[in-house]
Amino acid sequence: MAVVASPKTPDITLYTAQTPNGIKVSITLEELGVPYKTHAIDFSKETQKEAWFLEINPNGRIPALTDTFTDGRTIRLFESGSIMQYLIEQYDREHKISYPKGSRESYEVNNWLFFLNAGVGPMQGQANHFFRYAPEKVPYGINRYQNETRRLYRVLDKHLRDAGTEYLVGDKCTIADIAHWGWITGAGWCGVEIGEFPTLMAWDERMLGRPGVEKGRHVPSPHRTKELLKDKEAMDRVAKEASDWIVKGQEEDAKK
């Protein structure tokens, strides 16, 4: 008879900030009901470039996570997709937000997870940068990345409409949905109107109605994107503050 290993006790610390990538992991943890500690990373103080953090993520980016592995030693995880896959493999034995490994559905989840990591995230991130943070307006950059973001949104919108399901893979919320949500719900931040994509907008609202999403999105600080989009003065102030440390960081990296 095969011996089934007993579930290990979580000893998770999440290193994160209030960004679309950061809240992916806190939402995943909340959806799983897994306990964790939070260590907020302050970009304005360049905490992510300090030596102790680079030991966890050599790339100096959030999110990152540490846990006690099955061998009793600390394991480090970085890159949001890698972290999410680790969490479902280690802690989602009931398949709350995943499908059984090796199933047709599990591979489809991976399709959309990598679609986000290679497409939506990088393209919308650049749209955010050129539209909100760049010290000078570059119309080509703005148009290029906004249009590519719209194209990727059309892919998602069509998939949801044609599939006729509540979520990206069937009628179960998975890490594929969670990975996308922080970006899609902040579409307006890069100058893209979510209303152009009605099926995707309905999905966004459905996701926001989930208790795990509602709780996880406010880690490590309140998630205020939609509120900011209704207040131009506050929106411009937040964008200017972020632009200052983004530009400073780029200049310092260029000197190394």
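W52 has a relative accessibility of 33%, so it counts as partly exposed (buried is under 20% relative accessible area, exposed is over 50% and partly exposed is in between, with a 1.4 Å probe and protein chains only). F53 sits at 0% and therefore counts as buried. This is a predicted model, where local features need pLDDT of at least 70 and side-chain atom pairs count only at pLDDT 80 or more, while totals for chains, interfaces and linings use all residues. Residues are numbered from 1 along each chain as its sequence is written, and side-chain values use heavy atoms, with hydrogens and water left out.

Rings of Phe, Tyr and Trp (the six-membered ring for Trp) pair if their centres lie within 6.5 Å; planes under 30 degrees apart are stacked, over 60 edge-to-face and the rest tilted. The count by this rule is eight aromatic pairs. One of them joins W52 and F53 edge-to-face, with 5.7 Å from centre to centre and 80° between the planes. Another edge-to-face pair is W112 with F115, at 5.1 Å centre to centre and 75° between the planes. W112 and F115 both belong to helix α4 (residues 104–133), where they are three residues apart, about one turn of the helix. Both W112 and F115 are buried.

## Two loop residues

T47 is in the loop between β2 and α2 (51–54); helices (H or I, at least four residues) and strands (E, at least two) are DSSP runs, numbered from the N terminus. With 11% relative accessibility, T47 counts as buried. Apart from neighbours within four places in sequence, T47 is in contact with I41, D42, W52 and F53, where contact means heavy atoms within 4.5 Å.

S98 is in the loop between α3 and α4, and its relative accessible area of 5% makes it buried. If you skip neighbours within four places in sequence, the contacts of S98 are I88, D92 and K172. From S98 to E79 there are 19 residues in sequence and 19 Å in space, C-alpha to C-alpha.

## The sheet

Four strands make an open sheet in the order β2-β1-β3-β4, with mixed pairing; two strands pair if DSSP finds at least two bridges between them. β2 (37–40) and β4 (74–78) are the edge strands, each with a single partner, so one side of each has no neighbour in the sheet. From one strand to the next, the twist averages 20°.

Strand β1 (residues 13–16) pairs with β2 in the parallel sense, over four bridges. L14 has T38 of β2 as its bridge partner. Helix α3 (residues 80–91) packs on the sheet and touches β3 (64–68) and β4, its direction making about 135° with that of β4. Axes here are lines fitted to C-alpha atoms, for helices over the stretch in contact, and angles run from 0 to 180 degrees between N-to-C directions.

## Helix against helix

Helix α1 (residues 20–32) packs with α3 at an angle of about 10°, their axes 9 Å apart. That makes α1 roughly parallel to α3 (angles under 35 degrees are roughly parallel, over 145 roughly antiparallel, 65 to 115 roughly perpendicular and the rest oblique). N21, K24, V25, T28, L29 and L32 of α1 meet S80, I83, M84, L87 and Y91 of α3. By class, this contact of α1 with α3 has seven nonpolar, three polar and one charged residues; Ala, Val, Leu, Ile, Met, Phe, Trp, Tyr, Cys and Pro count as nonpolar, Asp, Glu, Lys and Arg as charged, and the others, Gly among them, as polar.

The axes of helix α5 (residues 139–163) and helix α7 (residues 198–208) come within 7 Å and cross at roughly 80°, which means α5 is roughly perpendicular to α7. On α5 the contact uses Y153, L156, D157, L160 and R161, and on α7 it uses P198, T199, L200 and W203. Here the classes come to six nonpolar, one polar and two charged residues.

## Helix α6

How many residues of helix α6 (residues 175–184) are buried? The count is 10 of 10, so the helix is mostly covered. Among them are D177, H180, W181 and W183. The buried residues of α6 pack against α1, α3, α4, α5, α7 and α8 (211–216).
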